[in-house]
Amino acid sequence: MEVFYTTKSAFDPDFAPDKNIKDQVAKTRVLVIGAGGLGCEILKNLVMNGFRAIDVIDMDTIELSNLNRQFLFRDVDIGKAKAITAAAFVNSRVGEVCVTPIQDKDKQFYRQFNLVICGLDSIEARRWVSGMFIDLVDDQDPTTMIPIIDGGTEGFRGQSRIILPSLSACHECSSGMHSSKKTYPICTISNTPRLPEHCIEYASVILWPKEFGEQKVDTDNIADINWILENAVNYSKKFGISGIDFSLVLGVLKNIVPAIASTNAIIAASCVNEAIKLVSGCNPFLDNYMLYVGDTGLYSHTFTLEKNPDCFVCGNAKASIEIPKSTKLEEFIEIIKDRFQLKKPSLRTDKNIYMQAPPTLELKCRPNLEKALFELFESGNSVTVTDSTLTTSILLTVDFAQVRSQTNP
Amino acid sequence: MMPVMKKMKQDTSEDRHNTISRYDRQIRIWNSSGQQCLENSNVLVLGANTISSEAIKNLVLSGIGSYTLVDSKIVSKKDIEGNFFVCNKDLGRPLSKTLVENLNELNPHVRGASIIQSVDEFVLKELNFSECNLVICCNQNTEVIQKVNAVCWDLSIPVIVCSANGFFGSMKYYAAQHCIVEGHIEQIEDMRIDEPFEELTNYVDSISLDSLNSIEKAHVPYVVLMIKKLKEYKNLEGIEALDSFQEKKSFKSFLETSTSWSDEENYLEMISNAIRLSSKYSIPSHIQSIFCHSCLSNLPQDFCDIPVKNLKFWIIVKAIKEFVSSEVYGNGKLPLIGTIPDMKADTKRYIELQEIYKKKAKHHIDIIYQITQKILADIKCFNVYFNMKIPREEIKIFCKNSNQLKVIELSRPKYTSLPIYRAKIHDLYCLDPKKLDSSIFESLNHINPIYNFDDFQSPEILFIVLEAVVLFKECIGYYPGQDCTIRDGFKDKDMLNIICYLICENWRNLYFSSNQTRSSNDSESADQNYLKNTADNFLAETLRSRGAQLHSIAAIMGGVVSQEAIKLITRHYVTIDLPAVFDGITSKFHLINPKRLNYD
Ligand SMILES: [Zn+2]
């Protein structure tokens with residue numbers, strides 16, 4: 001590795017070789033977010049490429065189904081915390097403390113890092129990362145811009161990309177490129193189910209709450225899964241739908257994304273390869289997106305993903321929506337939750353439309369949920385949407401859609 | 001009360017459940033059939049280094065049956081720096097043995113073994129590879145690869161060859177024939193809308209749209225609507241089928257204008273699928289060429305030309321071909337896939353429609369199963385020892401994928417001129433530096449190059465440089481370095497350039513034709529300069545690394561090696577059929593397509 005720090009690059013004539021780069025790489029404060037399929041590989045690649053000051057954060061514990069790719073864990077580790085186990089394994093292999101497991105800290109804590117590498121599987125977690133590090137940027141102080149290298153995989157496909165917060169496209173600029181959980185309309189699953197998935201959704205969304213009330217399905221409990229399986233099968237028999245089994249139930253309930261060792265290895269190594277180039281400068285780094293497709297032959301595509309000026313994380317945070325004016329506020333909230341991947345959005349115009357907190361205010365707004373939108377504001381009005389998953393609010397312009405003419409014969 | 005009830009339903013077959021759980025995330029990709037192939041597989045790996053360790057890691061995690069790693073190297077400081085699977089306390093131990101110990105930890109279901117012997121010696125022995133399904137050679141010289149291929153090609157054992165240098169890596173794969181049933185390629189649904197089969201026609205005719213109220217109408221599956229409309233349109237226009245894109249577009253506008261309730265979801269689905277699904281039925285051309293393959297010509301009398309592991313494939317293909325060409329059965333069409341996508345419909349009609357397709361497909365499977373049994377019996381007539389069985393389940397999988405079968409065939413590497421190159425490189429190595437001038441290049445012109453490209457751009461240049469590095473290392477004994485000299489006045493860089501010149505015809509043009517033969521115009525010489533500059537950069541970057549293995553690049557190459565290995569073993573998904581290079585500076589993979597890859 002050292003040879004690349006002490007010799008000139010033909011591809012980057014501006015690179016100044018320096019024997020101190022090795023030390024600089026070792027001391028670079030790297031935050032690894034996620035110690036799963038990508039995270040394990042990222043940690044290994046970082047230490048093998050000379051990084052020595054790594055923190056890792058992951059709230060999950062180890063499960064059996066992780067072991068087909070998360071190679072820092074063994075059967076005896078099942079149930080232990082991922083971040084702690086991964087750090088301990090890497091440190092013992094290298095013979096020194098290179099990796100420190102951490103819990104989520106306050107914003108100030110994250111300022112110390114020089115680089116963030118993410119191996120995450122959820123849009124929510126990615127959004128948190130984008131938001132946090134865009135928020136840390138102070139335009140007057142370039143050192144506050146902490147680069148993020150992000151990897152993601154699904155089956156034989158994946159991507160690695162570099163995000164320079166506030167300078168280049170963030171996760172949210174391209175949220176249309178990520179697939180989110182597939183949902184089925186309630187009317188389909190209760191009135192015209194056709195697929196085994198519809199029956200599973202019916203069992204978990206309609207039947208389960210009837211039986212168990214507030215209690216949620218525990219997707220890690222085999223008994224819960226079997227209950228859904230049994231009820232989905234019973235429901236499906238009424239319609240002559242077949243093809244429901246344990247594995248499918250698990251897949252639907254957990255929204256399982258297939259994951260394999262080879263793709264994780266390729267994407268994680270690509271992320272760390274970019275990290276070395278970025279930190280040492282010994283060769284030009286990726287600008288800024290690499291798409292990898294391995295299911296038919298071997299294919300990659302690199303391109304510059306442009307910043308979306310209307311991005312609601314790093315841009316002007318404006319959006320608009322067209323919707324029938326008779327839509328109830330309750331339905332409207334569901335629609336925007338789905339569209340912007342929100343958890344518990346609060347809505348304001350010049351008055352409070354619906355506020356999730358504090359409880360007294362929530363109580364006061366609650367009757368609005370039953371009202372139609374036209375009773376609350378006018379077409380073309382802007383609604384300010386805030387949510388715990390957003391760092392800034394979205395200014396949403398709501399236009400009432402023309403009601404379809406019923407006069408046609 | 002509830003938790004007690006739940007406890008009673010606990011799964012009892014804990015072990016079975018555990019293996020399924022371990023591999024759950026990948027079985028969702030290559031199914032239990034692929035996982036079973038992995039569990040039965042045995043992989044031989046030549047060369048203990050970072051690429052091979054990374055590749056083995058991924059294969060062990062995926063649950064291959066067993067593997068053997070061959071190398072005689074002793075763990076060095078350098079190995080500890082670059083390989084995660086050895087540490088300080090291993091210094092001085094045999095590398096292959098240490099790696100296998102640490103890699104075996106990753107999965108208790110996999111058996112791994114090491115052979116402490118140098119790869120060069122190992123391949124000199126009488127090689128018995130018949131036990132293994134795949135050979136992987138990492139950072140090996142051309143002599144080793146040549147010897148391995150000489151044995152494996154005839155046994156039809158695929159060989160994956162991989163090497164890395166600095167920020168670059170390359171991978172090649174050799175196999176006479178690889179047959180893929182489950183390619184998982186996205187396909188247009190097989191719904192026979194243009195020529196519905198009898199049962200489907202009857203069903204469509206039984207639904208009279210005029211007798212339905214508007215809610216019922218909105219729940220008729222769009223397939224039914226489109227079959228009706230297409231028939232109506234063809235009658236109206238007096239045509240047999242829609243051939244051109246223009247015709248399909250007209251059909252779409254016919255749909256858009258001919259209905260008064262076109263804002264219903266099922267109608268919208270019909271319109272959005274109009275162009276895709278209204279085409280005249282035809283068997284894809286790649287399937288037609290599989291039907292013409294020479295492997296079919298001697299069945300059932302003789303099958304000695306067919307690799308044993310592909311025999312089943314060709315027998316079933318033959319059965320499908322007979323099905324297609326029979327007027328009573330396929331009548332020019334492949335067996336029906338038998339599944340339909342979800343579409344807006346009421347449950348009753350959707351399930352009825354689904355049943356019609358399913359039933360027809362099942363019927364086709366039955367016929368092809370019978371034809372297959374007949375072929376098997378015929379083969380047995382010619383060969384009494386033949387006792388292959390093909391269960392109906394396999395025919396079912398075949399029929400489901402009959403429009404995406406794939407046969408990948410490569411031509412045999414011959415290596416006949418490799419010794420000439422090695423001898424020539426050795427001559428040059430011994431040459432008096434005073435004689436080193438451009439006449440050297442001319443003296444090489446009578447030797448035929450191995451590689452020639454129609455399109456010679458930066459990926460091809462990188463490929464040639466990496467090939468040249470392997471030959472340099474093999475013939476001269478070390479990896480070429482910047483500012484390093486073979487002798488006073490004879491730089492590694494010059495030697496590497498000469499090797500590129502020796503093996504690649506385009507390289508010869510790059511360095512000589514522009515000022516000799518061609519009276520080049522400006523833009524052409526600008527292109528030439530750009531390519532020459534690119535070549536210089538790749539040479540410089542390769543020399544910079546002096547063979548250094550960057551961990552991240554080794555991990556990427558180990559990743560793609562294991563990926564292709566898994567595709568070869570499981571027979572799921574489509575493997576590469578060309579050499580590939582990875583450029584870690586631009587983060588791009590490239591497939592390389594030389595006109596001649598034969599070492600003639
Ligand atoms: Zn953004």
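**Entry 1**

Where is the place of B:N537? I found B:N537 in helix α22 of chain B, residues 522-545. Helices here are DSSP runs of H or I with at least four residues, strands are DSSP runs of E with at least two, and both are numbered from the N terminus.

Before going on, I noted that this is a predicted model, where local features need pLDDT of at least 70, side-chain atom pairs count only at pLDDT 80 or more, and totals for chains, interfaces and linings use all residues. Residues are numbered from 1 along each chain as its sequence is written, chains are lettered from A and ligands numbered from 1 in the order in which they are written, and side-chain values use heavy atoms, with hydrogens and water left out.

Is B:N537 buried or exposed? B:N537 is buried, because its relative accessible area is 18%. Buried means under 20% relative accessible area, exposed means over 50%, and partly exposed lies in between, with a 1.4 Å probe and protein chains only. I then looked up its contacts, where contact means heavy atoms within 4.5 Å. Leaving aside neighbours within four places in sequence, B:N537 is in contact with A:A10 and A:F11.

**Entry 1: chain A as a whole**

I counted 12 helices and 13 strands in chain A. Its C-alpha atoms fill a box of roughly 80 × 50 × 45 Å along the principal axes. Chain A has 409 residues, and buried ones make up 55% of them. I also checked contacts between residues at least 6 apart in sequence; 62% of these join residues at least 24 apart.

Which domains does chain A have? I noted domain 1 (21-178 + 259-303), domain 2 (186-254) and domain 3 (319-400). These bounds come from an automatic or database domain assignment. The centres of domain 2 of chain A and domain 3 of chain A, taken over C-alpha atoms, are separated by 31 Å.

**Entry 2: two residues of chain A**

I went to A:A53, in strand β2 (residues 53-57) of chain A. A:A53 is buried, since its relative accessible area is 18%. Not counting residues up to four places away in sequence, A:A53 touches A:A26, A:K27, A:T28, A:R29, A:V30 and A:C98. A:A53 and A:D338 are 285 residues apart in sequence, and their C-alpha atoms are 39 Å apart in space.

Next came A:F133, in helix α5 (residues 123-135) of chain A. A:F133 is buried, with a relative accessible area of 1%. Setting aside neighbours within four places in sequence, its contacts are A:L31, A:Y110, A:V116, A:I146, A:I148 and A:P165. From A:F133 to A:P324 the chain runs 191 residues, and 37 Å separate the two C-alpha atoms.

**Entry 3: two helices**

Helix α8 of chain A (residues 222-239) has 18 residues, so it should span 26 Å; its end C-alpha atoms are 26 Å apart, which agrees. At the start of α8(A), a side-chain oxygen of A:N221 reaches to within 2.8 Å of the backbone nitrogen of A:A223. After α8(A) comes A:G240, with a positive phi near 75 degrees. Buried residues in α8(A) include A:I222, A:W227 and A:Y235.

Helix α7 of chain B (residues 142-155) has 14 residues and reaches 20 Å from first C-alpha to last, close to the 20 Å expected. Where is the kink in α7(B) centred? The kink is about 30 degrees and is centred on B:N149. The bend at a residue is the angle between axes fitted to the seven residues ending there and the seven starting there. B:N149 is also among the buried residues of α7(B). B:S156 follows α7(B), and its phi is positive, near 60 degrees.

I found a cis peptide bond joining A:D287 and A:N288, with omega about -10 degrees. A:N288 lies in the loop between α10 (261-280) and β7 (289-293) of chain A. In chain B, the bond from B:L299 to B:P300 is cis, with omega near 0 degrees.

B:S587 is not a glycine, yet its phi is positive, near 60 degrees. I placed B:S587 in the loop between β11 (580-583) and β12 (588-591) of chain B. B:S587 is buried, at 1% relative accessible area.

Terms used:
The expected span of a helix is 1.5 Å times one less than its number of residues. A polar contact is a pair of N or O atoms within 3.5 Å; within protein, one must be able to donate a hydrogen and the other to accept it, and residues adjacent in sequence count only if both atoms are side-chain atoms.
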